Amino acid sequence: MTDISTRAREILERLGVADPFDEDGELVARSPVDGGVIGRLRAHTPQEAEAAIGRAREAFELWRTVPAPVRGRLVRELGELLREHKHDLGELVTIEAGKIVSEGLGEVQEMIDICDLAVGLSRQLHGLTIATERPGHRMMEQWHPLGVVGVISAFNFPVAVWSWNSALAFVCGDAVVWKPSEKTLLTALACQALIEEAARRAGAPDGLSQVLLGDREIGETLVRDPRVPLVSATGSTRMGKEVAPLVAARLGRTLLELGGNNAAIVAPSADLDLTVRGIVFSAVGTAGQRCTSLRRIIVHESIRAELLARLKAAYETLPIGSPLEPSTLVGPLIDEATTEAFLLAVKKAQADGGTLVTGGTRAEGIGGGGQYVRPAIVDMPEQTEIVREETFAPILYVLGYRDLDEAVALHNAVPQGLSSSIFTLDVREAETFMSAAGSDCGIANVNIGPSGAEIGGAFGGEKDTGGGRESGSDAWRSYMRRATNTINYSTELPLAQGVEFG
């Protein structure tokens, strides 16, 4: 057993996960840090998945009658447990997803933050009082619990995405059934142990949170089940286009957080010191495996050469290595297939006339069997098909522009619409970028990169990104159903629109 495997097992024990491993299991828990196997786990059968959904439905029947502020106690307890176990869970994220230590801890902090938001929200699930044309009447709307929420998450945010959905769903009165990525099973089991302990402390019903381990078949079982009125799915656009029709066929709801191909416009007035720092984190954080990772730079021709030189210098000093080492800034890709996709994309970009400025190769001699690469910068003559695709790896394409209209057109000329940014000190350019005539993304930033959103704002995007919104603002409404009520407190019965009947 490797040192990493031993560390993972010790962390699981401290987090309250009884030995989950089965040497005959179909699922393999593997660490991208060294490519080694941590252990094997048994997958759920479709019948077990259906039973888990049934238990969640039974728990929902009880939970929906609990006052929302009381429901908030469950999420408060979860937040306290996350604070207590932040280091362990953060390290487990690093071991299983390959994030550097700071990002693993940051992901757990994001969970804590959404718990804080949700606890406050539990006293603010408010509707409206609406003016009515009928005398002696009052009209209002209320928001009620929806039911069982299905959550499908990706490997790159193995715990935060679950918490974005679950913290809101629990205070909204829902139950949650979670199908995590097959690449990050252990972090899911750790979260389940923590929410079960939180439920015990808060007196919440058994079965309110369920985890399903398995492959595509288990995911389809969750997606097709009519007892699941909402499916929140995070992953590739391809996955979302498969999930959405299945849920729509039974007239269910979807909340989709899919691909991104995020760009930053760099204007002539940009503070280049700040710009370079913002670009580098956004492009190579999580080794380019974020849906919000920066993939395209659209830079004014007057500063293109200078920016490229600065970025090349910064990239060539990036510490690449084990994410468990505090000095590392670029950890591994999740698996061999991702590395192959990275190398192929670099070749395609070069075939399209791109110039490889730096990187674009394997980082040999690092991490044993882990998949380590040198982040790539490719200077492109135009926005070719490979640039329009989302390659889930650290590739940064650089394009030039001459006026802001051209830059915005280039920016928007991709299928995805998640996150975006502009670096400028010109208020007119900034305001134009954020206007209806500017970025067509769900997130538009000024003088920061597109990566690293706070939980207070609604997170999500348009076009092939799916249109879903999670986390802050009014995203809670996705997890509830709306009821419009009219109360007649008079002795008359006037009809709407002046209709006379009798």
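Visitor: Is Phe392 buried, partly exposed or exposed, and what is its relative accessible area?
Guide: This is a predicted model. In it, Phe392 is partly exposed, with a relative accessible area of 23%; that value falls in the class between the 20% limit for buried and the 50% limit for exposed.

Visitor: And Phe155, buried or exposed?
Guide: Phe155 is buried, at a relative accessible area of 11%.

Visitor: How many aromatic pairs are there?
Guide: The count comes to 4 aromatic pairs. One of them joins Phe155 and Phe392, whose ring centres are 6.1 Å apart and whose planes stand at 85°. The pair is edge-to-face because that class takes planes over 60 degrees apart.

Visitor: Where do Phe155 and Phe392 lie?
Guide: Phe155 is in the loop between strand S5 (148-152) and helix H6 (160-171), while Phe392 is in the loop between helix H13 (385-388) and S14. The pair therefore ties together parts that are 237 residues apart in sequence.

Visitor: Why does the pair of Trp162 and Trp178 count as stacked?
Guide: Their ring centres are 5.2 Å apart and their planes are at 20°, so the pair is stacked. Trp162 belongs to helix H6 and Trp178 to strand S6 (residues 175-179), so here the parts tied together are 16 residues apart in sequence. Both Trp162 and Trp178 are buried.

Visitor: Which charged residues lie over the faces of Phe21 and Phe157?
Guide: Arg9 lies over the face of Phe21, at 4.0 Å from the ring centre. Over the face of Phe157 lies Lys99, at 3.4 Å from the ring centre.

Visitor: Changing topic: what is the strand order in the open sheet of 7 strands?
Guide: The order is S12-S13-S14-S11-S10-S16-S17, and the pairing is mixed. At the edges are strand S12 (355-358) and strand S17 (443-446), each pairing on one side only. Neighbouring strands of this sheet are turned by 25° against each other on average, direction ignored.

Visitor: How many bridges join S13 to S14?
Guide: There are 4 bridges between strand S13 (residues 376-379) and strand S14 (residues 395-401), and the two strands run parallel. Val378 stands opposite Tyr397 in S14.

Visitor: Which strands does helix H15 lie across?
Guide: Helix H15 (residues 427-434) lies across strand S10 (262-266), strand S16 (419-423) and S17. Relative to S17, helix H15 runs at about 175°.

Note on methods: Residues are numbered from 1 along each chain as its sequence is written. This is a predicted model: local features need pLDDT of at least 70, side-chain atom pairs count only at pLDDT 80 or more; totals for chains, interfaces and linings use all residues. Side-chain values use heavy atoms; hydrogens and water are left out. Two strands pair if DSSP finds at least two bridges between them. Axes are lines fitted to C-alpha atoms, for helices over the stretch in contact, and angles run from 0 to 180 degrees between N-to-C directions. Contact means heavy atoms within 4.5 Å. Rings of Phe, Tyr and Trp (its six-membered ring) pair if their centres lie within 6.5 Å; planes under 30 degrees apart count as stacked, over 60 as edge-to-face and the rest as tilted. Buried means under 20% relative accessible area, exposed over 50%, partly exposed in between (1.4 Å probe, protein chains only). A charge sits over a ring if NZ of Lys or CZ of Arg is within 6 Å of the ring centre and within 35 degrees of the ring normal.
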